[in-house]
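Please work through the following exercises with the structure in view. Each task is followed by a solution in steps.

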Amino acid sequence: AAAHQDVPVVRRAGFAMGTFVQVVAAGAGAQAAADAALEEVARLDRLLNRFDATSPVAAINAQAGRGMVEVPAEVGEVVTLALDVARRTGGAFDPTVAPLVDAWGFGAVERGEPPSRPPSPQAIEEARQRVDYTAVRLEREGDAVRVGLARAGMALDLGGIAKGYAADRALAVLRAHGVSSALVDVGGEIAVLGRRPATASDREDGEGWRVGIQHPRDPRGLVTTVELTTGAVATSGDYERLFEWEGRRYHHLIDPRTGWPATGLVSVSVLHESAAVADALATAVMVLGPRRGQALVREWPGAQAILVDESLRVTRVQGP
Ligand code: ADP
Ligand code: MG
Ligand code: MG
């Protein structure tokens, strides 16, 4: 331990995308880099948040059924990624889930608490019919990207992938500033770069960032800890936004096929090189449930997952 030099570690915290953002960075230039990384998340929030009336995503939604909207390349990139995951998960992950999220009242965090009871079956059915990722149109022409929704009443909701995407982009900002050791946490979607800065208690150099996976039923407990020196881990769970009604819990991850909150799993953490992919996959596995969720991860190159089912049994699976 005596060999360790103290590297100044910078910590910055903020609030964006309806959640807490944390940046940890070490080394020369870490202060400016961490500030720039936080600003990057805020900037992407302004592009991707459907509840911000000035965002390109809000513009796409306002034009649903009426035509295409020219958007910044990054919005096209997130939509492309989201549609790719939608196809590969058979629509378990669906970036057009907005009507169902709204029917259930799990809209913007800023809009307050969710309602205290499920919507009517008719309201769910009506919303479900406006959810269809195959009706998203995306065109590229030179540098211009245009996105449109084929039917009126449809709306994009990138909430299941945007936090992960922002973590990736914020990490890229840190890298571009020359930081060699950093962690970005956007509401539980975590991307890391390099090794955790050594502390006096370390036995040896070169340990990875240790990330605790929150216990879904004990806010102060952990399911396990993962160690990362590259890539990302994203978690989705039934314990963040929910309400209880007649003894059952209803949460914010909606199965687009049934129109009801997903059942079978209470928490899913996915490890992947890309935080955006990990984020979307975590949502998809929650929706698919234990059996089909495990099958998806087993065939997803570079993915690993930790699933917690309703009886709190923990299963680890790995892709090829
Ligand atoms: P968590 O908030 O637990 O981290 P996610 O990262 O998966 O969960 O994001 C949750 C958000 O994903 C919801 O608020 C909603 O906007 C969106 N969402 C809900 N169901 C789906 C779905 N089936 N496909 C894609 N996005 C979804
Ligand atoms: Mg997600
Ligand atoms: Mg998440």
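The exercises below concern a predicted model, and they treat its sheet, its helices and its domains in turn.

**Exercise 1.** Determine the order of the strands in the open sheet and state which strands stand at the edges.

*Solution.* Step 1: the eight strands follow the order 1-2-6-7-10-13-14-15, with antiparallel pairing. Step 2: strand 1 (9-16) and strand 15 (314-318) each have a single partner strand, so one side of each lacks a neighbour in the sheet; these are the edges. Step 3: on average, neighbouring strands are turned by 10° against each other, direction ignored.

**Exercise 2.** Examine the pairing of strand 10 with strand 13 and identify the helices that pack on the sheet.

*Solution.* Step 1: strand 10 (residues 230-237) and strand 13 (residues 265-272) pair over six bridges in the antiparallel sense. Step 2: within this pair, Ala234 is opposite Val270 of strand 13. Step 3: helix 6 (residues 162-176) packs on the sheet and touches strands including strand 7 (189-193), with whose direction its own makes about 20°. Step 4: helix 7 (residues 275-298) also packs on the sheet; its direction makes about 125° with that of strand 13.

**Exercise 3.** Describe the contact between domain 1 and domain 2.

*Solution.* Step 1: the domain assignment gives domain 1 as 9-47 + 161-318 and domain 2 as 54-149. Step 2: their C-alpha centres are 22 Å apart. Step 3: the contact takes 22 residues from domain 1 and 32 residues from domain 2. Step 4: on the side of domain 1 that touches domain 2, helix 7 gives the most, with eight residues. Step 5: the residues of that side comprise 16 nonpolar, four polar and two charged.

Conventions
Residues are numbered from 1 along each chain as its sequence is written. Chains are lettered from A and ligands numbered from 1 in the order in which they are written. This is a predicted model: local features need pLDDT of at least 70, side-chain atom pairs count only at pLDDT 80 or more; totals for chains, interfaces and linings use all residues. Two strands pair if DSSP finds at least two bridges between them. Helices (H or I, at least four residues) and strands (E, at least two) are DSSP runs, numbered from the N terminus. Axes are lines fitted to C-alpha atoms, for helices over the stretch in contact, and angles run from 0 to 180 degrees between N-to-C directions. Two residues are in contact if their C-beta atoms, placed from the backbone, lie within 7 Å. Domain bounds come from an automatic or database domain assignment. Ala, Val, Leu, Ile, Met, Phe, Trp, Tyr, Cys and Pro count as nonpolar, Asp, Glu, Lys and Arg as charged, and the others, Gly among them, as polar.
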